[in-house]
Amino acid sequence: MRDGDVRMFLREGFWPEASCAQDAPGAALAAALALMALAGFPPALVANLKLANALPKGKPYTIMVQLGRQLEAVRVTPAVAILIESWKRVRPPTTSDRLFVRHGGAEFSRKGFIIRHFKHLGLDGSLHSHTRRFFVECFFSAVRAKALSVPEASAVASSLDRYLARLDRSQRHASPSVEDERIVLEHADPFPDASKRFFEDFHALLDAKARGTLLPDRYLACFHVNGPPAHGLSADHPMRIDLARMEWSPDWPIRHRQCADLYKRHRDDIKRHTGDGSVSTEEWAELFGISLRRYRGMVRDIEQPLRPTPPPRSRLDASQCELTLEEERRLADIGATAWPRSREDSRKVRIAVLRKHAGFVFGFVGAGKIANQQGARLFRMPLTAFIWMKHDYAAGVFDYWLRPEPLTRAESLLWREFVYSKRGERRKGQKAPDFIRGLRLRYGVPLPHVTMMKALKKSPSSQRRQRSYGKTEFPLSKAERRRLDKIAASNWPSKRQIRFRLSLLRAHAAFAFDLVRLKRLRLPDVARLFRIDRNPTSELFMLFREGDLALALYKPTRAEARDRMALFLRELSARDDGQSLPEFLREFRRRHRIFVPVHNARECLRRISKKEGKPAFHGGSRLKSLPRPPLTRDERRRLKQIAGIDWEGARDVDDLRRDMLGSEGDFLMGLLVDRKLSLEEAAPLVKVSRSIVHGMRVDWLAGLFARHVEPPPGGAERERQIRIVRRELNGAAGDEPLGVFVVRLGRLGVLLPRHLIEDLRKRILFAAA
């Protein structure tokens, strides 16, 4: 028996219409099974429950149960309370004080109550074991969905053990607390609210089918499903006809588009019925089969699409905001400043520009003639830093931004301690930026704003001096930790940091990478020690494992570097077509014993491409300033025909999109590959997002464009492809890029939507973690 069978048993209409003999009314059977499947009651307790103890006055969710020699209160969920109240209303008058009785009012035993009906359905096994499994699986499904830590999940599971032990009377001393009951019922309730729609025919059948059922098809006849409730709509209303024909997708993005298309098609009727009050918003949400929140969000997106935010109004009129020729010429001179590539040289140039033009630019910003963003671009600095600098200029503490040299580490530590000691001078209600500017004005504190904000909260001397490292499989020894702390405490110079890093790597790189190999240190920690990015760190670690780390730490002369790059470019032009740049660089290193970093190679190729006026390649970003190839007259005419497709009047937008891609997909993808059309321009033509168009282009290049032309698989074929995805995920590494994984699945015959594969991958990898 599956969970869907238990779900059907909870509907009182199932039992009178099922073709088996009943000794008890259907309402009694549904309420009794709800106590077993939704509250964990054993059959012995269910058969012996007293009528007066079931939901007494003042306790709508409480049942008094005889456990041993004492009467104890057990809380139940709202769904159980609904079914028990339904049974109590139709319970025949009798002299018996038990809650559940036969049709004539006579009492029955536990065997006659439970096993008799179960065997008549043609099912084997114990109904108690199946309902108990339903209860426990609902509990742990909710626990897994919350992604609790191991100690938290263990504590929650202990609450369930104490709860079930008390009901089974297997442990007399087991006494769960009120908190244990709350935790168990919160996690084990598959119907978190008390809405009666969970017991209606339409929603009950959907839920049962989703959970799976092994009952014969004739028992589904008790679900008289002619579509969801009509809510005042006539039987021949077009909305009802479309709902009967609709095949809802189980994937929410597709389901959302189906609901939106249906709403647009019947927008006038929906507005009229909602306006005259014949159909409420809650009833429309139920009719669409979605939650009220999602229905309101869908209507809001359709009726009130997002509009661009209007630009802020200037405090001056149009005549005062106009720039004179002299002002435009001076702003153009500032914008034409030649900025060097190195950070240190850029700092010097910025200081010189600020000394000469800061007051002029700040005056324009204050007058509303230019925006803060334009001023930040003139000085090549972040917007937040520009706003801080503008306020510092107004407060008279602008000299901090003109310091020629940054502070050393020792000087920074002394100033941070000083700022922390002065925090008592801050007045009540004074903002931190105003207090910081006051310190600069009185004491000339040269620290950056962010550093001063941190110093106001915590003293530098109270911070941990021992370097923390990520959790690994094996711990570090004291000697290893001391050496790592020594590396972390290195006094980095303000200039020539590349040379200092190279000397540090020559002295300690082998030691650090050996710890990574022994699983005592992580690569991100190594990258933080030597102040390099993660990709170059991974590249160095690969060289260390192959015994070629010395090649990366050798600094060639200028002539040698020029000869190496010429050899690299000469052999790159003769490489195999299917060979990627990293594969070629590995082969180049093994053949010539010369190491060329991947980022250096890409930067060189990018410069050559820019010089020749061609798009960048080998992983480099495309140059947006390069002119795109022009469209021909036939291509423009064909694009105009695609743009003229009537998407609003389409009965099924997904079918229309698949038909269009079947005839025009190769044409559109060819324009994308040839750079005649951008992703932003192609997305409105296909009525999907930019990321989905990117996935279409990847599938087209890999020969898997059938994923977007043919309907998504359903039924047994869909289950088969999902099994293939699960099998490949269980046998593959979790660090494989998603795009590579989707292409590999496509070559195995998996044509599921990309978002479904991504969701499956996330869930399986998260469960494995």
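Let's start at one residue: leaving aside residues up to four places away in sequence, Asp392 touches Val397, Phe398, Trp401, Arg437 and His449, where contact means heavy atoms within 4.5 Å. Asp392 is found in helix 20. Helices (H or I, at least four residues) and strands (E, at least two) are DSSP runs, numbered from the N terminus. With a relative accessible area of 0%, Asp392 is buried. Buried means under 20% relative accessible area, exposed over 50%, and partly exposed in between, using a 1.4 Å probe and protein chains only.

Before going further, a word on what you are looking at. This is a predicted model, in which local features need pLDDT of at least 70 and side-chain atom pairs count only at pLDDT 80 or more, while totals for chains, interfaces and linings use all residues. Residues are numbered from 1 along each chain as its sequence is written, and side-chain values use heavy atoms, with hydrogens and water left out.

Now step back to the whole chain. Its secondary structure comes to 39 helices and 2 strands. Of the 769 residues in the chain, 42% are buried. Among contacts between residues at least 6 apart in sequence, 62% join residues at least 24 apart.

Next, let's visit the cores. A nonpolar core is a set of buried Ala, Val, Leu, Ile, Met, Phe, Trp, Tyr and Cys residues joined through side-chain atoms within 4.5 Å. The largest one has 48 residues, and Leu35, Phe41, Phe100 and Tyr163 touch the most other members. Several elements each supply at least two residues of this core, among them helix 1 (3-9), helix 3 (26-39), strand 1 (62-67) and helix 5 (78-90). Helix 3 gives the most, with 11 residues. What does Leu35 contact, leaving aside its neighbours within four places in sequence? The partners of Leu35 are Gly40, Phe41, Val46, Leu49, Ile63, Val76, Val80, Ile84 and Phe100. Apart from this core lies another, of 25 residues, including Ile487, Leu521, Leu543 and Leu549.

Helix 5 is worth a look of its own. Its 13 residues reach 19 Å from the first C-alpha to the last, close to the 18 Å expected at 1.5 Å a residue; the expected span is 1.5 Å times one less than the number of residues. Buried in helix 5 are Ala79, Val80, Ala81, Ile82, Leu83, Ile84, Ser86 and Trp87. Helix 3 and strand 1 are included in what covers these buried residues.

Thr62 is buried, with a relative accessible area of 8%. Although Thr62 and Arg75 are 13 residues apart along the chain, their C-alpha atoms are separated by 4.5 Å. Not counting residues up to four places away in sequence, Thr62 touches Asn53, Ala54, Leu55, Pro56, Ala73, Val74 and Arg75.

How do helices meet one another? Two packed helices are described by the angle between their axes and the distance between the axes. The axes are lines fitted to C-alpha atoms, for helices over the stretch in contact, and angles run from 0 to 180 degrees between N-to-C directions. Helix 25 (residues 497-517) and helix 27 pack at an angle of about 80 degrees, with their axes 10 Å apart. That makes the two helices roughly perpendicular, a term for angles of 65 to 115 degrees (under 35 is roughly parallel, over 145 roughly antiparallel, and the rest oblique). On the helix 25 side the contact involves Leu505, Ala510, Phe513, Asp514, Val516 and Arg517, which meet Thr537, Leu540, Phe541 and Phe544 in helix 27.

A second pair is helix 33 (residues 653-673) and helix 35 (residues 690-701), which pack at about 95 degrees with their axes 10 Å apart. Helix 33 and helix 35 are therefore roughly perpendicular to each other.

Our last stops are a loop and a helix. Most residues other than glycine have a negative phi. Phi of Arg531, however, is near 55 degrees, a positive value in a residue other than glycine. Arg531 sits in the loop between helix 26 (523-530) and helix 27 (534-546), and is partly exposed, with a relative accessible area of 45%. Gln721, in contrast, is found in helix 37 (residues 715-730) and counts as buried at 3% relative accessibility.
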